[in-house]
Amino acid sequence: MRERLTVEEAHSFCEDMFQQLGVESGEAGICSRALVLTSLRGVDSHGILSMPIYAERICSGQIKPGGAVRVLRESSSTLFCDGEHGLGPVLAMEVAERVVDRAEGSGLAAASLTNGNYVGALAPYVERIADRGMLGICAVNSTPRVAPQGGRQGIHGTNPLAYAVPSTGVEPLVFDAATGHSAARVVAAREQGIALEDGVLIDGAGLPSNDPEALDEGALLPVGGALGYGLGLLVDLLCGGLSNGPCGIDVPPVGDLDSPYGCSFFILAINGDFFGGQQALAERCTFLLDSLHRIAPAQGQSRVRAPGERSVRERRMRLEQGIPLHPMRWQSTLERLRKCCLNVDLWT
């Protein structure tokens, strides 16, 4: 069993799987880049290990490769688009490019995408905006597995939110996190036979639990209590609300592969030149980063880190050493791909 993949091998693995699924090379390349970039950041659950999600949904007909971004309504600074149930990373990257192009002339631009699909981690889309010198924000809603405060059932999804801001350094400031605790973390704990930390989930009675098995009848909790709860609802409204699509309990279960995916995507690009200046924005971002690094660390901590710093360090290490593969999770990934009638013999 392989212990790691080089970056080149990871790209080849993803492109091989997508092409076996009948995805044309251009779309396969876009999706593969998104997955490999995410694995390089150390977010393994949303990187190359998520390949079975795409395979299963393509095989079921939920994802329709070749689906294009169709503009339903537009202005100089807004886009309302239909993704025609295409590949999530392809749709999201195209919409990101369109909003940043519009923001060049209008100062800011936002897009709402309905009838999209699973986009994976959000960092690649906001980083694309930051690469053009602008501030990017995006969000996506998801299956309602996160309980409201005081409740025992899910009302909204883990609903991630991401932003990227250019700096005068090599790397932008990037934040990409779910507003609710991740089901992937619970699955990983279940596979490893370990207990969860406090505050991740509740059982079917609405009581706190450290047992990963409790999620079957219970629900996840918001990150940060009321803060995650409020932001999770905001994400649903930015995505499902603005697109007039499913939100909250209307979003289909994640395991329902026979219905449309039902989640929407929102993205915003802000051009600093229409405010205090793009260079000023980058300099202010750098000032904040330098300032937080000068804060004295708490007892037991070696230093204060900025959001995304661990991912930058992980990317540098994995570019050099390769992407590590957890034996059990890699075996499970390959087994799920085999069930989609894909040949994975080269990757065992």
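The model is predicted, so local features need pLDDT of at least 70 and side-chain atom pairs count only at pLDDT 80 or more, while totals for chains, interfaces and linings use all residues. Residues are numbered from 1 along each chain as its sequence is written, and side-chain values use heavy atoms, with hydrogens and water left out.

Domain 1 covers 1-60 + 310-347 and domain 2 covers 67-180 + 222-294, with bounds from an automatic or database domain assignment. Some 19 residues of domain 1 are in contact with 18 of domain 2 (heavy atoms within 4.5 Å). Together the two domains bury about 1,700 Å², 64% of it from carbon and sulfur atoms; this is the accessible area (1.4 Å probe) lost on putting the two parts together, summed over both. R41, Y54 and R57 supply 33% of the area that domain 1 buries against domain 2, more than any other three residues.

The interface also has 2 salt bridges (a side-chain nitrogen of Lys or Arg within 4 Å of a carboxyl oxygen of Asp or Glu). R41 forms a salt bridge with E127, the closest N and O atoms sitting 3.8 Å apart. At 9% relative accessible area, R41 is buried (under 20%, 1.4 Å probe, protein chains only).

Technical notes:
Buried < 20%, exposed > 50% of the residue type's maximum accessible area, 1.4 Å probe, protein only.
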